[in-house]
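Colleague: Thanks for sitting down with me. Could you walk me through how the labels on this picture were decided?
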Amino acid sequence: MEGKNMSYRMFSLSALAMAFFVASASAFAAEEAKKSTHDGTVVSITEGKLVMKSKDGKEHTHALSEDTKVTLDGKSAEAKDLTSGTKIRVSTLPGNVKVATQIEAISKNENFANTHVGELVSMSEKSIVMTSKDGKEHTHTLAKDAEVSCDGKPCKMGDLKAGMKIRVTTKSGDAGVAIQVEALDKNAKFS
């Protein structure tokens, strides 16, 4: 009987540990999915602080930590590699938007990683089909909370028309899922 009780206790502890692991992994994944991003340019940057100007011209300050990931044209970089005027995309956690978790900078490339520019072919409530600059057709599933804008203002997928110039931002690590669709109708180019 003692052996059965011991086995039962070990099984219970193992099951509890596994449940804790799964819950922790799910919470981490949910937190990662909630990251918010915004684009702009570098005003100034030091090892511990980034001052940036967003698309609307407002300045924002973000603290940098040792864990802040910095890339320049898709390659690993350091904060000191970024200069004033460099185009950047900053990721933060919603619970603490003052701390940058990632900075993607571009100087030679036209677009950020996970960003595709092209022309809208067709769309539905759940997906879009676009052609890229090289003429290849791509289909993206729309994330449930995908942001859609027309000429810089929030709009709905139904407001988009075939032939519009669009910029699609996909989920990090999953180029098939669009988290943002920016369309141009009157503006000549993306900012």
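Modeller: Gladly. Let's begin with pairing: two strands pair if DSSP finds at least two bridges between them. Please keep in mind that this is a predicted model.

Colleague: Then what makes β5 and β6 a pair?
Modeller: Seven bridges join β5 to β6 (residues 96–106). The cut-off is at least two bridges, so the two strands count as paired. They run antiparallel, and Leu93 stands opposite Asn96 in β6. With two residues between them, β5 and β6 form a hairpin.

Colleague: How do you know that β1 pairs with β5 as well?
Modeller: By the bridge count again. Strand β1 (residues 36–45) and β5 share six bridges, in the antiparallel sense. The rule asks for at least two, so this is a pair. For one of the residues involved, His38, the bridge partner in β5 is Val90.

Colleague: Why is β5 called largely enclosed?
Modeller: Strand β5 covers residues 87–93, and five of its seven residues are buried, so the rest of the structure largely encloses β5. For the chain as a whole, 30% of the 191 residues count as buried.

Colleague: Why are Cys150 and Cys155 called a disulfide?
Modeller: Their sulfur atoms lie 2.3 Å apart. The limit is within 2.5 Å, so the pair qualifies. By this rule the count comes to one disulfide. The link of Cys150 and Cys155 is right-handed, with 75° about the S-S bond.

Colleague: And are those two cysteines buried or exposed?
Modeller: Buried means under 20% relative accessible area. Cys150 has 15% relative accessibility, so Cys150 counts as buried. Cys155, at 18%, therefore counts as buried too.

Colleague: Which residues is Val181 in contact with, leaving aside its neighbours within four places in sequence?
Modeller: Among them are Ile128, Leu142, Leu160 and Arg167. Contact means heavy atoms within 4.5 Å, so each of these residues has an atom within that distance of Val181.

How values were computed:
Residues are numbered from 1 along each chain as its sequence is written. This is a predicted model: local features need pLDDT of at least 70, side-chain atom pairs count only at pLDDT 80 or more; totals for chains, interfaces and linings use all residues. Side-chain values use heavy atoms; hydrogens and water are left out. Buried means under 20% relative accessible area, exposed over 50%, partly exposed in between (1.4 Å probe, protein chains only). Helices (H or I, at least four residues) and strands (E, at least two) are DSSP runs, numbered from the N terminus.
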